[in-house]
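Let's take a walk through this model together, starting with charges and rings and ending with a sheet.

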Amino acid sequence: MAKLSYKSFSFFALADRGGSKSQGGVDVLPQHSGNENHVKGKQDSQPSNADYLLLKVVASFSAIGLVVLLVYNVLAGRAPVPLEYTEHAEHSEHANIGGAPGFTSFLDHETPISAFAGKTFLRDNIPFIDIPDSLIQDVYYYRWTSIQRNLRYIKEGTGYMCTEFVHPVGYAKAFGSIDAAAGHQIDESRWLRDTSYGDDYIQLYTRGPADALQYTQWILDAASRRADVTGDLHFLASQVDDMVRLWHQWDHVYDKAAGLYYYQPVWDAQELSLPGFIADPNGTDWDLRKDGPDTFRPSHNAYMVANARAISRAATLAYNKSIAFEFSKIANDLEHAMYKRMWAPEQRFFMDIIRPNNPNLTRLTGREQVGLFPYRFGIGLEKKYAQPAVDSMFDTQGFLAPYGPTTLEIRDPWFFATRPDDYCCYWNGMSWPYSTGHTLKSLAAIYRSGTTNVTADQYLQYLRTYAKTQMKNGQPYVAESHYPFTDGWSADGWNHSEHYDHSTNNDDVITGLFGIEPQQDDRLVISPIVPDNWTYYALENLPYHGHNITVLYDEKGSKYKQGKGLAAFVDGKKVQVHRVFGSPKQSYWIYVPSPPPKFPADAWVNIAANPTGPGQYPMADATYTNAGDYQFKAIDGVLYYDTIPDNRWTNYRSPNLNDTLTITFARPRKMSSVTLAIFSDVARGGGIDVPSRIEVYGSNGLLAIVDDPTTLLRNDRNTISFGREVETQVIAVNMYRQPNLWVGICELEVWVPPEIGPTYHAADAYLTGGKTSVIFDNSSIAEANDPVAVSLGSDSNVAFSGVVSKGGKTGLKLKYVNTGNSTVNLAVEVNQVPYTTVSLGTTGRKFKSTGEIHITLASGKNYISLRGGSDSADVRIQTLTLS
C-alpha cells in the first residue's frame with residue numbers, strides 16, 4: 001500500500017460550476033444541480049468541538065472537506081485502515097440464491113459471455129445452454145444482457161424493477177415503470193438466480209406505486225407462474241388481497257352485457273392497429289386512427305382470464321375459499337364470453353370487436369396476431385380452435401414472414417410492410433418481439449396439447465426466425481419493431497430503443513425448446529420441443545425451487561459422458577428421470593425438494609440509490625464532471641456499460657490528475673464496503689479506463705485504498721471492503737487517472753443489511769411535494785447520531801417502503817413537531833389504499849410522539865405513505881415506529 005502524503009492531493013480540485021466549459025475550453029460539470037441541503041450530523045463517539053466542526057465541513061463541502069481530513073489524519077498520525085479488496089460477484093453476499101451449494105460444470109461458462117459487460121451478473125444468475133443452433137444460442141446469451149441493462153434498483157425498501165426503455169420515457173409511471181410488458185419481464189427474469197429482482201418488481205405493482213392500469217397486462221398471471229419456478233408459494237399467497245384490488249381497477253371497462261372487457265388498442269400496447277384503420281378509413285382523424293376506438297380484444301380478455309385464475313390460485317394457497325371460488329367463476333364466465341363473442345366460425349379465429357356504434361357486436365373481418373394470444377393462457381387448445389391458429393402461423397399470406405410473424409395477416413388490405421411516415425409504432429404489419437413472445441408461447445401450448453399437426457421442427461422454425469430477426473450489423477440485438485420482409489428494425493430510436501425490454505426470448509428457449517414445465521409440487525416436468533435430428537442439448541444450473549437443475553441430452557453418450565439419452569442433476573447430483581405416462585407428447589419428470597420458507601427481509605439493500613436526482617437524498621457531487629455526463633447517474637440505480645445509450649459519471653477531459661465523486665446521505669449510516677461499477681471504453685477506442693488508484697473516505701477520514709489497477713474489473717462491479725463497519729454520512733471516492741486517460745463510474749452502490757424496524761426513519765423514505773425536504777434539527781434527537789427530520793407541506797408524501805410484517809394488525813406512532821396553532825392531519829395509506837388519518841397536535845419546538853393508531857399490514861414487505869402537512873406551520877416528522 002502506497003504511503004499517503006499531502007502532496008498526492010495537490011490536484012484535488014473543486015467542481016467548476018460556472019458552465020459547461022472552463023476557461024481553457026475543457027469540459028466541466030454542467031449546471032444540473034438544484035438547491036442542495038447538506039445535512040450536518042454528530043457521531044456517537046462524542047467528538048470534540050474541532051472534530052465536530054470538521055464533520056460539518058465534510059457534509060457541506062465534501063471536496064474541500066476531504067483535503068482537510070487528509071491533513072488532519074496525517075498530522076494526527078492516524079493510519080488508514082488496511083484494504084480488503086474483493087472482485088465483487090454481483091451482490092452475492094446478500095443475494096437470494098436459494099442456498100443451493102451444488103453446481104455442474106459440463107459447459108463452457110466463459111466463452112459465451114466473453115464479449116459482454118457485467119460478466120459477474122451473468123455468471124452468478126443465468127442458466128447456461130448448449131444446442132446445435134448457434135444463432136438461437138447467441139441470441140439467448142445476448143438477451144440476458146438486455147435484461148441486465150433494464151434492471152433498475154429504485155431505493156432501499158423498494159428494491160428492483162424492470163424498465164422497458166433504458167432511458168425512462170415521459171409517459172412512464174412511477175420510477176420509469178410501464179406495465180405493458182411487465183408480464184414478459186416477470187416471465188423472463190424468473191429464471192435469474194437472485195429472486196429479489198422478481199419479488200421486488202411484482203410488489204411494485206401489487207403494493208407499490210406502479211400503475212397497473214396504464215396498459216392491459218397479465219402481471220398477476222406471470223406472478224403465479226413465477227411462484228412455480230421459485231417454489232415460494234407463500235409469497236404468492238400473501239399477495240391475494242393486493243391482487244384482488246388490482247383486478248377491480250378494471251371494473252370501469254367491463255361491459256356487463258357483452259361479458260367482456262374493452263380498451264383502446266393504444267392502451268393494449270398496440271397503436272395504429274386494425275381497429276383504428278377501420279374506424280378512420282379515410283385518415284381524417286389521426287388520434288382515432290392512432291389510438292383506435294374502444295375495442296373488445298382477444299389479448300386483453302385473455303389476460304383478464306389468466307389474471308382471474310391467478311387470483312383464484314393465490315386465494316386457494318391462502319385458504320380463502322370464497323375468493324378462490326369467486327375468481328374461478330369469473331375466469332370461466334369470461335372465457336365462455338370469449339368463445340361466444342370473439343370466436344368467428346367463418347374466420348376460424350379470435351377477432352376484435354369495435355364497441356362504439358356496434359350494438360350487435362359485429363366482429364372485424366381482419367385477422368390480427370392478438371387472436372393468437374389466448375392459446376398461451378390455455379384458451380382454445382381444442383382442435384377446432386387450435387388447428388386454424390397453427391395454419392395461419394405457417395401461411396405465407398397469413399402471419400408467416402422472413403422476419404415475422406406479422407401483427408396483421410399479410411393478405412389483409414390494411415397490412416403495411418413498411419412504415420408510411422416517421423411515426424415509430426405501427427401494429428398493422430410490423431414484426432414486434434412483444435407479440436412474437438406471446439405467439440411462441442401459444443405455439444408451445446398448442447404443440448403440447450397434442451390436438452394439432454404442428455411439429456417440433458415448426459416450433460424451431462418460429463424460434464429461429466425470431467432469433468434471425470433479433471440481429472443488427474451481424475450481432476444479436478433487440479429494438480422495438482422489425483420490418484417483416486426487410487432485414488432492418490422499423491422502430492429503433494438512437495439512445496432510446498437499444499436493448500429494448502418489451503418481450504421474452506429466453507423464457508421461450510427454456511420453457512419451449514428445453515421443455516421446462518415448472519410445477520407447484522416437488523417435481524419438475526421436462527417436455528422438450530426439439531427436432532429429431534438433434535443429437536445433443538444441455539441446460540445447466542437452472543435455478544428452480546431454490547436448487548440448481550441441469551438437464552442433458554446426449555444421443556450417443558460421448559459428448560457429456562453421462563450416458564446415452566436424457567440425464568438430470570439436482571444441485572450437482574445425478575437423479576433419476578421418470579417418464580410421464582399419458583402425456584400427448586414425450587415428457588419426463590424429476591424429483592426436486594421444495595425450498596424452505598424465505599423471510600422477506602433477507603436481501604441486502606443499496607442505500608446509495610436515488611431514483612429522482614437533485615432534491616432527494618442521497619446527494620451526488622463531483623469535483624469535475626464531463627459536460628455529457630452527470631454525477632447523479634452514478635446513483636440512479638440504472639447500470640449498464642454501453643457508450644450509447646449512456647448512463648454514467650465520468651471526468652473525461654478533466655485537467656486534474658484525480659477527481660472525487662462524493663455521495664452524501666440524509667443521515668449517518670452504517671456500512672462496511674462500497675461497490676463501484678467501473679466504466680471503461682478503451683477497448684472501443686475511447687479514453688476512459690480503470691483508475692490507477694482509488695481512495696475511499698468517510699466522515700472520519702480514509703477508509704480504504706486500491707493502488708493496484710490490475711485488480712479492478714472493467715465494466716463490472718468491484719466491491720471495496722473497509723475491513724470493519726463504520727458509520728458515516730458521506731462516501732467520497734477519490735480516483736486517480738492513468739496517463740492520458742480518465743475515469744468513469746456507471747453506478748456506486750452501498751449494500752447493507754436492511755433495517756427491518758420497528759422504527760423507520762422519514763429521511764430514508766421516498767419524499768415528494770414542493771416543500772418536502774430533509775432538514776437538520778438539533779431538537780429532533782431520536783438517536784444520538786440522527787439529528788434529521790422531514791419538513792412537510794400540504795402536498796407532501798412521505799412514502800416508506802420495505803416495512804416488514806408477519807401480517808395483521810399493528811400499532812403505528814410518529815415522532816414529530818408542529819409549531820403551528822392547530823392540529824395537522826396526515827392521511828395514512830397502506831399499500832396504496834387509504835386507511836386512516838393521524839393527528840399531529842401542536843408541540844411548540846419540542847418533538848413528541850403521536851398517540852398510537854392501528855393499521856393492518858400484509859405479510860412481507862409493505863408500503864406506508866403519509867400524505868399532507870402544512871404550508872403555514874413548521875411541521876416535521878422524524879420516525880415511524882410500529883408496535
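A charge sits over a ring if NZ of Lys or CZ of Arg is within 6 Å of the ring centre and within 35 degrees of the ring normal. Lys559 does this with Tyr536, lying over the face of the ring at 4.4 Å from its centre. Arg355 has its charged end over the ring of Tyr262, 3.9 Å from the centre.

A quick word on what you're looking at: this is a predicted model, where local features need pLDDT of at least 70, side-chain atom pairs count only at pLDDT 80 or more, and totals for chains, interfaces and linings use all residues. Residues are numbered from 1 along each chain as its sequence is written, and side-chain values use heavy atoms, with hydrogens and water left out.

Now for rings with rings. Rings of Phe, Tyr and Trp (its six-membered ring) pair if their centres lie within 6.5 Å; planes under 30 degrees apart count as stacked, over 60 as edge-to-face and the rest as tilted. That rule gives 41 aromatic pairs. Take Trp247 and Tyr261, an edge-to-face pair at 5.9 Å centre to centre with 80° between the planes. This pair ties together distant parts of the chain, 14 residues apart: Trp247 belongs to helix α9 (residues 240–248) and Tyr261 to strand β6 (residues 260–263). (Helices, H or I with at least four residues, and strands, E with at least two, are DSSP runs numbered from the N terminus.) Trp247 is buried at 3% relative accessible area, and Tyr261 is buried too, at 5%; buried means under 20%, exposed over 50% and partly exposed in between, with a 1.4 Å probe and protein chains only.

Ring pairs also link Trp218, Tyr303, Phe377, Trp427, Trp432 and Tyr434 into a cluster. Which residues does His502 contact, beyond its neighbours within four places in sequence? They are Glu164, Ala181, His184, Trp427, Trp432 and Tyr434, where contact means heavy atoms within 4.5 Å. His502 sits in the loop between β14 (489–491) and α17 (506–513) and is buried, with 4% relative accessible area. Gly183 is 319 residues from His502 in sequence, yet their C-alpha atoms are 9.4 Å apart.

Last stop, the sheet. Four strands make an open, antiparallel sheet in the order β15-β16-β22-β21, with pairing defined as at least two DSSP bridges between two strands. At the edges are β15 (516–518) and β21 (578–579), each pairing on one side only. Three bridges join β15 to β16 (residues 523–526), and Pro518 stands opposite Leu524 in β16.
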